[in-house]
Amino acid sequence: MPDQRTISVLGLGAMGRALAMTALHGGHRVRVWNRTGGKDIELVAAGADRAATPADAAADADLVIACLLDHASVQAVLEPIAATLSHTALVDLTSTTPEEARQLADWARGHDIAHLDGGIMAVPDMIGGPAAAILYSGDAGTFATARPVLDLFGSAEYLGADPGLAAAHDFALLAAMYAMFAGFAQGAAMLRSAGVSATDFAERAVPWLTAMTRSLPGQALLVDSGDYRTDVQNLHFNKAALDAIVRSAREAETTADVLRPVKALVDEQVADGHGELAFARIVEGLRP
Ligand code: FVH
């Protein structure tokens with residue numbers, strides 16, 4: 001293997017294990033560490049080296065990958081080994097907020113650690129497959145150097161030098177995902193009282209939501225231009241629709257808890273005199 005590297009993976013939850021196994025299958029030397037024992041058995045059987053401490057894992061590694069629960073656990077694991085990490089490349093694939101990513105980057109800079117933050121847009125089973133995407137931001141040199149390894153995990157996209165950019169995109173995408181999942185739950189609850197299973201609902205929801213996502217680029221143009229004029233389905237129309245859906249939820253003896261914040265945003269726009277404009281204008285109600 002011409003470009004075999006020593007990769008250290010700190011954190012062997014479901015995602016850390018998937019990353020470590022993928023790096024092993026890519027032909028790299030992989031050192032693994034986890035706070036509690038027993039999660040590395042398959043990896044060690046596949047050829048990974050078990051490290052007793054984070055410092056042992058990170059010592060002289062070409063690339064240190066942290067994949068821990070959250071920012072606090074990243075700090076707890078990395079801060080005591082700052083000296084070991086000095087002059088190595090650190091990729092943090094833990095989900096953190098943009099500010100937390102920037103804080104870690106500042107800390108890393110202060111210890112001569114090259115830092116790259118990553119937002120994983122995949123679940124563990126997808127790692128190494130064609131549907132996995134990971135967004136990166138921070139040190140461009142580290143992205144370039146680590147690229148052959150990062151490409152093993154999924155498509156790798158570098159968003160820019162601001163270390164918070166990957167996390168910002170990650171959480172924006174997750175916000176959209178959670179709203180969609182919650183919308184599915186609301187619809188499933190409403191249909192359940194009509195005796196329709198969630199399975200049947202899902203069969204209809206998938207093509208419907210897929211078709212609706214095609215309107216997103218058009219909505220984005222309105223948001224980016226700030227010009228929300230529309231010939232179709234203005235906020236008056238959407239207010240009437242949401243009022244009826246909330247009544248329908250009541251008839252189905254479910255709450256409308258998922259819809260209520262959406263309705264509130266629409267109501268606010270209409271009350272402020274924007275009823276002739278497009279639904280996308282609710283984004284203005286989300287500004288501070
Ligand atoms: N799993 C997924 O689908 C998502 C997809 C998108 C990205 N996320 C993020 O990836 C990070 C890790 O996720 P995970 O799935 O591996 O999570 P867990 O299986 O819960 O493993 C958590 C690991 O973190 C270790 N840990 C927690 N607290 C500490 C601490 N204070 N000190 C040291 N290690 C800590 C934990 O260790 P242990 O409990 O086994 O001892 C696990 O190794 C995460 O940010 C996701 O949001 C995954």
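A polar contact is a pair of N or O atoms within 3.5 Å. Keep that cut-off in mind as you look at the views below of this predicted model.

View 1. Next comes Leu-69, with a backbone N or O atom lying 3.0 Å from a ligand oxygen atom. Over at Met-15, a backbone N or O atom lies 2.9 Å from an oxygen atom of the ligand. How much of the ligand does the protein bury? Taken alone, the ligand exposes 900 Å², and the protein buries 74% of that.

**View 2. The shell around the ligand.** Here you can find 21 residues around the ligand, and those that come nearest are Met-15, Asn-34, Thr-36, Lys-39 and Ser-95. By type, the shell divides into 11 nonpolar, 8 polar and 2 charged residues.

View 3. Helix H1 (14-25) and helix H4 (71-78) each give at least two residues to the shell. Which element supplies the largest share of the shell? That is H1, with 3 residues. The ligand takes up the space of the second largest pocket.

**View 4. Two domains.** Stepping back, you can see the protein divided into domain 1 (6-168) and domain 2 (215-286). The centres of domain 1 and domain 2, taken over C-alpha atoms, are 40 Å apart.

Notes:
Residues numbered from 1 in each chain as written. Predicted model: local features only at pLDDT ≥ 70, side-chain atom pairs only at ≥ 80, totals over all residues. Heavy atoms only, no water. Near = heavy atom within 4 Å. Polar contact = N/O pair within 3.5 Å; in protein donor to acceptor, adjacent residues only side chain to side chain. Areas by Shrake-Rupley, 256 points an atom, 1.4 Å probe, with all protein chains shown as cover. 1 Å grid on protein atoms, 1.4 Å probe; cavity = no way out; pocket = protein on both sides within 12 Å on 5 of 7 lines; lining within 4 Å. Sits in = over half its atoms within 2 Å of the grid points. Helix = DSSP H or I, 4+ residues; strand = E, 2+ residues; numbered from the N terminus. Nonpolar A, V, L, I, M, F, W, Y, C, P; charged D, E, K, R; others polar. Domains from an automatic or database assignment.
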